[in-house]
Amino acid sequence: MNNKPKIINKKQMSKVAIIMGSISDMPVMQEAIDILKGFDIETEVDIVSAHRTPEKLFDFSKNAHERGISVIIAGAGGAAHLPGMVASMSPLPVIGVPVKSSNSIDGWDSVLSILQMPGGVPVATVALNGAKNAGILAAQIIGSSDKCVLDKIIAYKEGLKQAVLKASEGLK
């Protein structure tokens with residue numbers, strides 16, 4: 001019997017799973033996909049409903065780390081149980097994106113469902129429809145141990161700074 005630890009190469013570990021409770025969340029979650037592509041970080045995208053496909057949710061949450069996923073971004077609207085349920089079963093960092101949906105109470109139900117997690121089950125939470133920031137945060141998590149990604153984040157933030165300075169100069 002082979003008891004050697006399974007070794008996963010570094011490139012494979014720089015993968016982010018982006019999941020959502022419904023296809024209607026895709027326009028919001030696309031911003032996370034786009035920003036991660038800009039940092040050359042591989043993504044895996046899927047629909048995993050906490051309420052309609054609980055078996056899929058359990059399988060995804062318990063096994064994502066074995067498939068080379070480093071960070072999970074989970075977007076959900078309404079009662080928004082998806083990010084918290086994933087975080088309860090996965091050893092990976094989970095970033096929750098509250099989505100303002102058609103059955104939402106101005107998005108507050110989603111924000112509070114993701115934000116108010118019990119001790120021991122953390123979910124990093126971004127603003128309502130804040131998938132772009134979720135993608136940036138996922139890249140920063142990966143960048144803490146991957147210099148190539150870190151350098152891209154540094155360049156991205158410098159670009160943000162330069163855009164503000166250019167706009168400021170345009171006012172003078």
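In the predicted model, G77 stands opposite V99, a residue of strand β4. This contact belongs to the pairing of β3 with β4 (residues 94-99), in which six bridges join the two strands in the parallel sense. Strand β3 itself, comprising residues 69-77, is mostly covered, with eight of its nine residues buried.

The loop that leads from β3 to α4 contains A80. This residue has a positive phi of about 50°, although it is not a glycine. Most residues other than glycine have a negative phi. A80 has a relative accessible area of 3% and is therefore buried, the cut-off being under 20%. A positive phi, of about 60°, is also found at N129, which is likewise not a glycine. N129 is located in the loop between β5 (124-125) and α6 (131-143). With a relative accessible area of 32%, N129 is partly exposed.

The structure holds one aromatic pair. The pair consists of F39 and Y156 in an edge-to-face arrangement, with 5.5 Å from centre to centre and 75° between the planes. F39 lies in the loop between α2 (26-38) and β2 (42-47), whereas Y156 lies in helix α7 (residues 147-170), so the pair ties together parts that are 117 residues apart in sequence. As to accessibility, F39 is buried, at 4% relative accessibility. Y156, in turn, is partly exposed, with a relative accessible area of 22%.

On the surface, a nonpolar patch is formed by W108, L112 and L115, which together have about 340 Å² of accessible area. L115 is placed in helix α5, which spans residues 108-115. The relative accessibility of L115 is 45%, and this residue therefore counts as partly exposed.

Terms used:
Residues are numbered from 1 along each chain as its sequence is written. This is a predicted model: local features need pLDDT of at least 70, side-chain atom pairs count only at pLDDT 80 or more; totals for chains, interfaces and linings use all residues. Side-chain values use heavy atoms; hydrogens and water are left out. Buried means under 20% relative accessible area, exposed over 50%, partly exposed in between (1.4 Å probe, protein chains only). Helices (H or I, at least four residues) and strands (E, at least two) are DSSP runs, numbered from the N terminus. Two strands pair if DSSP finds at least two bridges between them. Rings of Phe, Tyr and Trp (its six-membered ring) pair if their centres lie within 6.5 Å; planes under 30 degrees apart count as stacked, over 60 as edge-to-face and the rest as tilted. Patches are made of residues with over 30% relative accessible area and no salt bridge: like charges are joined within 9 Å, nonpolar side chains (Val, Leu, Ile, Met, Phe, Trp, Tyr) within 5 Å. Accessible areas come from the Shrake-Rupley method with a 1.4 Å probe; for residues, only the protein chains shown count as cover. A salt bridge is a side-chain nitrogen of Lys or Arg within 4 Å of a carboxyl oxygen of Asp or Glu.
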